Amino acid sequence: MKITVRSSKSIKPDYGSGHLMAPATANVVPLTVFDKANFDMHVSVIYAFHPPAPSHDVLEAGLAKALADYREWAGRLTLDANGKRCAILLNDAGARFVEATAGVALDSVMPLQPTPEVLSLHPTGGGDELLLIQATRFACGSLVVGLTGHHMVTDGGGWCNLIIAWGQATRGASIDPVPVHDRPSFFLPRNPLKIEYEHHSIEFKPYDDRNSTAGGGDDEVVVERVHFSMDHIAKLKSQASAVAGTGRPYSTVQCVVAHLWRCMTLARGLDGRDVTGLFIAVDGRARMSQRVPDGYTGNVVLWARPTATAGEVVNRPLHHLAELISGAVARIDDAYFKSFIDFACSGAVEEEGLVPTADPAVTVLSPNVEVDSWLRIPFYDLDLGSGRPFFFMPSYLPVEGGVILVPSFYGDGSVDAYVPLFSRHMDAFKNCCTSGLPKL
């Protein structure tokens, strides 16, 4: 799949009638404790649209209008005196927009696979830009859009809002939800501080506790897309809930993640006494007593962290793992979010030289597993003027053990899991995980 870049330009906000002058507002947006505790890295997604596709001029104009409402994405991250990210400078420096073409029909490479090849669908050499977009037109007239955004600006929910707003602005529709930019007022520490939970080694760790390559050797990380049909999800739910005794079935996420945790642990060949943790992202928007608006533009995510021995994960019934997951997620409630805010604002992070455990330098998670579920995030609602995408996926991200769940492109409620493991473990994982499942 040869991609040819035709143009690359910086798109600045358009504040109306083609004017590029910003309204009189604050020139910086301070990062919150949630922003600073998140991954200091870019994250990429890929969309595919059937023809006809809007012109590049239309896409660029829509992006410029969306950036007028989402100025953060046209800005730049700034550093404090200690060299740490502290704020977003609203300087309207712009977002990168790349026009590219592919000399083949899109059908010849569909469904796109989570391999290094898809990186050609994204701009390269982004530098300090927070938002980068590449629109690649295929010979058949189909359009593939690769979007890259910086995670310290926002989480998956806020990222999706920006993406959908681009489509709304391109179509001339009103931006909905209306973006909420007032970050600090939502997460003020209490007086006096009330730190009720342990946050050392949970959200924060010592600076020297960094290990980016443990267990890898010369083996490469490969990403497998596993399709969970509705029938298979129903079977997992039945296994997990039949003997739970609660009268309440476990969710799709809890059952699929429990199954993946087991299969990944088995495939890695861990000693039964090894402790393995499951880190699953929890959205705080609806969990905090002061509800965070849907249009909030920053991060509001912490992680539930159930742990067990490898022997427990592999040998205990599925409902046991689902219950561990359910209980751990339930404990990340309003009280926990407020305790985190108080700890992060207490001065302990600076005094002890702590850094976020959400560390992009760590590329091998074994014996642990990290899961981001995008099942409830409406990524498929992007409409650039010719209808919704027929395909959506996270881009290639070879972090061993870092799983992403997305709605399947079949559109029937089924789930696709993107699972990165060392190549030496992948056959055992697939034998465990995909037995009886259709091959994509």
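Modeller: Helices here are DSSP runs of H or I with at least four residues, strands are DSSP runs of E with at least two, and both are numbered from the N terminus. The model is predicted, so local features need pLDDT of at least 70 and side-chain atom pairs count only at pLDDT 80 or more, while totals for chains, interfaces and linings use all residues. Residues are numbered from 1 along each chain as its sequence is written, and side-chain values use heavy atoms, with hydrogens and water left out.

The part I take is the loop between helix 3 and strand 9 (204–206), where Pro192 lies. A cis peptide bond links Asn191 to Pro192, with omega at about 5°. Ser201 is in the loop between helix 3 and strand 9 as well. Its phi is positive, about 65°, although Ser201 is not a glycine. With a relative accessible area of 54%, Ser201 is exposed; exposed means over 50%, buried under 20% and partly exposed in between, with a 1.4 Å probe and protein chains only.

Next comes Ser339, which is found in helix 8 (residues 334–344). Ser339 counts as buried because its relative accessibility is 0%. Leaving aside residues up to four places away in sequence, Ser339 touches Arg190, Lys194, Ile195, Glu196, Tyr197 and His199. Contact means heavy atoms within 4.5 Å.

At least three of its residues come from each of domain 1 (3–185) and domain 2 (204–375 + 398–434). Apart from residues up to four places away in sequence, the residues that Tyr47 touches include Ile163, Leu143, Phe379 and Phe392.

That leaves the two domains, whose bounds come from an automatic or database domain assignment. Domain 1 covers 3–185, and domain 2 covers 204–375 + 398–434. Their centres, taken over C-alpha atoms, are 27 Å apart. In the contact between them, 34 residues of domain 1 meet 30 residues of domain 2.
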